[in-house]
Every structure is written in C-alpha cells, then in structure tokens.
Amino acid sequence: MSLVRYAKHAAGGHPREVVLLKGLPCVWSRCAFCDYIDDNTTDEAWIQRVADETLAQVTGEFGRLQVVNSGSIQELPPGVQAGIRDLLKTKHITEFWTESYWAYRKRFDATRAFFGVDTHLFLGVETFDDDLRNGVLNKSMHWTGPDEVAAATDAICLMVGFKGQTRDMIRRDIDLLLTKFRYGIVNLFTENRLSHGLMDDEIKAWFCEEYAGLADEPNVDVLWTNTDLGVG
Ligand code: SF4
C-alpha cells in the first residue's frame, strides 16, 4: 500500500504542511503498539529519494512545517536533515515541528540549534503513568517526573484509549499537557497488526465525550484517527 507523504493540515490553531519521510530504523523499535516502523529502512538511497520527492512539494505557505519519519528526526541521514534545514530557509518557514525519542534527549538542544528556526521536538510520552508507559506500552522512557520532561522539550504526544488507562490517569495527563507544555498532540489509540487486544473502546468513548472541547484548545491537536494529519 502506498502512503500519502505530503499534506496540508490547515485546521486548528497551527496550520502547517506535514510530510512523512522514510527514516533509518528507530533506535528503540520495541514499543508495543508501533507499526509505524514498518516504513523504516536501512536503504539510504531510498530514504533520499523519498525525501527529495516529498520535500519538493513543500511551498512554505503556512510558515510552519512538520516532519515525521516513523522514528526520531535524528534517524534521518545527515543529508536529509541538511535538506530540511535548507528548505526551511529557502521557503521562509519560521517554525519546525518534528519528533524525537527520549533516548536522544541529550541531543535535543543541538537538534534544535541545527535547524536554525523555532524548532519543537514532540516526545511520544503517551502517558505520564510510569507503569502504563513502560509496563504496558513498553516505551522504555524513564524520568523523575513531568518536570524533567518539560525541561527537555515543550511539545509532547499523548495516547488515549488503551487497556489499563483510567479516567483519572487521562485527566492527569491532559492537565499536565495543558499546564507544563506549549504544544500537544493527543492521539486516539487505533488498533493495528501489533496492538491486538490493547485498545479500550470504553475509555475512548468516554474521552471523546468528556474532552470534546479539547480540539478547541489552540495549542492542542486531537487526532481522532491516525491519519488525521493527512499523511500515512
Ligand atoms: S520510539 Fe516511536 S518509532 Fe520507535 S518504536 Fe516507539 S513509538 Fe515506534
């Protein structure tokens, strides 16, 4: 199945162009629900080809670009990262959104500096409940608390709708997002070939009703399905 790799996400408080690039294998590659890494490859020529074709579609019209690559931005080959940096400059894009895993946190400052514009590294926290994040989702992301995460980055992704999540856990996660971070993306859990049995329909339904207004928060994107950004 061919993936859509370029989209315009004009809805919400932060309209942007979004590209889905191909990347090198995720350094962790073991999160329980993650099938995005099916798009990873060690074939750098292929990665470059996809990047060239996809980035050529970027116009800069919103002044904001989001790059996802089914892993961390550091897992794009140096030439692709340099191509993105140059594109930001030539298209007068002043805000850059991308993703990075916790294992790269010591490089976050250098990554932000490299791109040379206002860069926000979205960290896939999923939940601040340590047992769920590491025990159920197998994220292998350990910290002393939300403040340590907030000191490392101002942008996170949360996930809602998996087994073991309670209403109170979700309330705490959303509160932390709104109080400690500048940007957030909340993903409704979508079953895939790896996650069988992990989804909790009841908690998802509760969230959709209870937090229907969250989509109006200017700094929060709620992705009701995993292709809501238009790519994938
Ligand atoms: S760190 Fe991200 S890309 Fe890597 S396995 Fe986990 S969810 Fe997937």
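**A few notes on loops, rings and the ligand shell**

1. Met199 is found in the loop that joins β7 to α7 (helices are DSSP runs of H or I with at least four residues, strands runs of E with at least two, numbered from the N terminus). This is a predicted model, in which local features need pLDDT of at least 70 and side-chain atom pairs pLDDT 80 or more, while totals for chains, interfaces and linings use all residues. Residues are numbered from 1 along each chain as its sequence is written, and side-chain values use heavy atoms, leaving out hydrogens and water.

2. Let us stay with Met199 for a moment. Its relative accessible area is 19%, so Met199 is buried (buried is under 20%, exposed over 50%, partly exposed in between, with a 1.4 Å probe and protein chains only). Met199 and Phe33 are 166 residues apart in sequence, yet their C-alpha atoms are 9.7 Å apart in space.

3. Phe33 brings us to the ligand. Which residues surround the ligand? They are Cys26, Ser29, Arg30, Cys31, Phe33, Cys34, Ile37, Ser70, Gly71, Tyr101 and Lys139 (each with a heavy atom within 4 Å).

4. Most residues other than glycine have a negative phi. Ser29 is found in the loop between β2 (16–20) and α1 (44–55), and with a relative accessible area of 31% it is partly exposed.

5. Ser140 is another residue other than glycine with a positive phi, here near 50°. You will find Ser140 in the loop between α4 and α5 (146–152). Its relative accessible area is 30%, so Ser140 is partly exposed.

6. Now for the rings. How many aromatic pairs does a search of the whole structure find? There are 13 (Phe, Tyr or six-membered Trp rings with centres within 6.5 Å; planes under 30 degrees apart are stacked, over 60 edge-to-face, the rest tilted). In Phe122 and Tyr183 the ring centres are 6.5 Å apart and the planes are at 15°, so this pair is stacked. Phe122 belongs to strand β5 (residues 118–126) and Tyr183 to strand β7 (residues 183–188), so the pair ties together parts that are 61 residues apart in sequence. Both Phe122 and Tyr183 are buried.

7. Phe207 and Trp224 also pair: their ring centres are 6.3 Å apart and their planes are at 50°, so the pair is tilted. Because Phe207 lies in helix α7 (residues 201–210) and Trp224 in the segment after β8 (220–223), the pair ties together parts that are 17 residues apart in sequence.

8. Finally, follow the ring pairs that link Trp102, Phe128, Trp143 and Phe181 into a cluster. Where does Phe128 lie? Phe128 is in the loop between β5 and α4 (130–136), and at 4% relative accessibility it counts as buried. Phe128 and Arg172 are 44 residues apart in sequence, with their C-alpha atoms 8.1 Å apart in space.
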